[in-house]
Amino acid sequence: FFAGGVGIVCYEMAKALTQKGIPLTYIMPFGPRNVKSDAAKVIVADQVLPGIRINVVDSLLRAYATSEEYQQQYDLLSGTKDKALTLYGRNLFEEIVRFALRARAIAATETFDVIHAHDWTTVPAAIAIQRMSKKPLIMHVHNTVYDRYLNGSNEIEYSIEKAGMDAADRVIAISHYVKNRLIESYGIAEDKISVVHNATPMMNKEMIFSSKVPEKIVLFAGRVTIQKGPDYFVEAAKKVLEKDENVRFIMAGTGDMLPHVMQRVADLNIMDKFLFTGFYNREEAEKLFSMASVAVMPSPSEPFGVVALEALQKGTPVIISKQSGVSEVLNHALKVDFWDVDDLANKILAT
């Protein structure tokens, strides 16, 4: 069940914990109904497997969901299902509270020693379980409101994130880039934060695909949102094509900026050199990273950037923004300031 970078990290972490013999109860707001795993006892899907017990709460919460996206889902469902008005929260924040109450009720029936929370939407649930159980809470910070909105303008999300970090007994930041943000913008004590960089996700090393297209393929993979810098990718593409027409650009992923990006590509008259794949799954990701001549990650604010590691695992060179956590661990990758589209275009041409 693919839910972006945080989902990959949580999956690999859960697998590693169970391999060490640590029992894990996984309470998730949304997920597949037919889960198959060699390391899980899945309650909802009636799959009996050792190591993990998964409780799925019926909810409209999704990874990386914004208030606007949640509202669109809710309005769409309300028009076709009368029960939506009573089953789900009327907005994203009400749904988060509803999930917290359900998660606390589930946790009350479980035996555990540590609470491990990730996305900001699960913070109220984590705090509720902590207060109920008196167990220590670890807050794992994958991104902040400053990364999602670039200006930290959403006060409600900021206050929820800060509450989670204040309540936590320990905070894990996925990079020093994130750690510095937590200290400077959230007032979290430095000695409370541990930096644990993301590792390379396990990919199928035998699954190598080659492109039959006789052009250089430049890949952007990830959510098409302001945080990921897709607009800078497009502007650099225009400059590249002015120097070399034998280049094709692929934008893989979806997000709220996709219509704007597609319109900009049309305005620049480079649609014949662009391919938009939409949402991609894990197998498709492996194909894309194998086929690409170079993968580009021009994020204005990237807490880590696991796609760079995925590309490298397939032998594909990467160009990453200096404003990223992954730049702390990649010493031999080409790096650019996200806003410098001239430098980005030059490096694409040079690879």
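1. A contact here means heavy atoms within 4.5 Å. With that in hand: among contacts in the protein chain between residues at least 6 apart in sequence, 63% join residues at least 24 apart. Keep in mind that this is a predicted model.

2. Some overall numbers, before the details. The protein chain has 351 residues, and 49% of them are buried. Its accessible surface is about 17000 Å², with 54% of that belonging to carbon and sulfur atoms. On the secondary structure side, you get 13 helices and 13 strands.

3. Six strands make up an open sheet, ordered 10-9-8-11-12-13, with parallel pairing. Strand 10 (274–278) and strand 13 (334–336) sit at the edges, each pairing on one side only. Ignoring direction, neighbouring strands of this sheet are turned by 20° against each other on average.

4. Strand 8 (residues 216–221) pairs with strand 11 (residues 294–297) in the parallel sense, over two bridges.

5. One more helix for your list: which strands does helix 10 lie across? Helix 10 (residues 258–267) lies across strand 9 and strand 10. Against strand 10, helix 10 runs at about 165°.

Note on methods:
Residues numbered from 1 in each chain as written. Predicted model: local features only at pLDDT ≥ 70, side-chain atom pairs only at ≥ 80, totals over all residues. Heavy atoms only, no water. Helix = DSSP H or I, 4+ residues; strand = E, 2+ residues; numbered from the N terminus. Buried < 20%, exposed > 50% of the residue type's maximum accessible area, 1.4 Å probe, protein only. Areas by Shrake-Rupley, 256 points an atom, 1.4 Å probe, with all protein chains shown as cover. Pairing = 2+ DSSP bridges. Axes fitted to C-alpha atoms, helices over the stretch in contact; angles between N-to-C directions.
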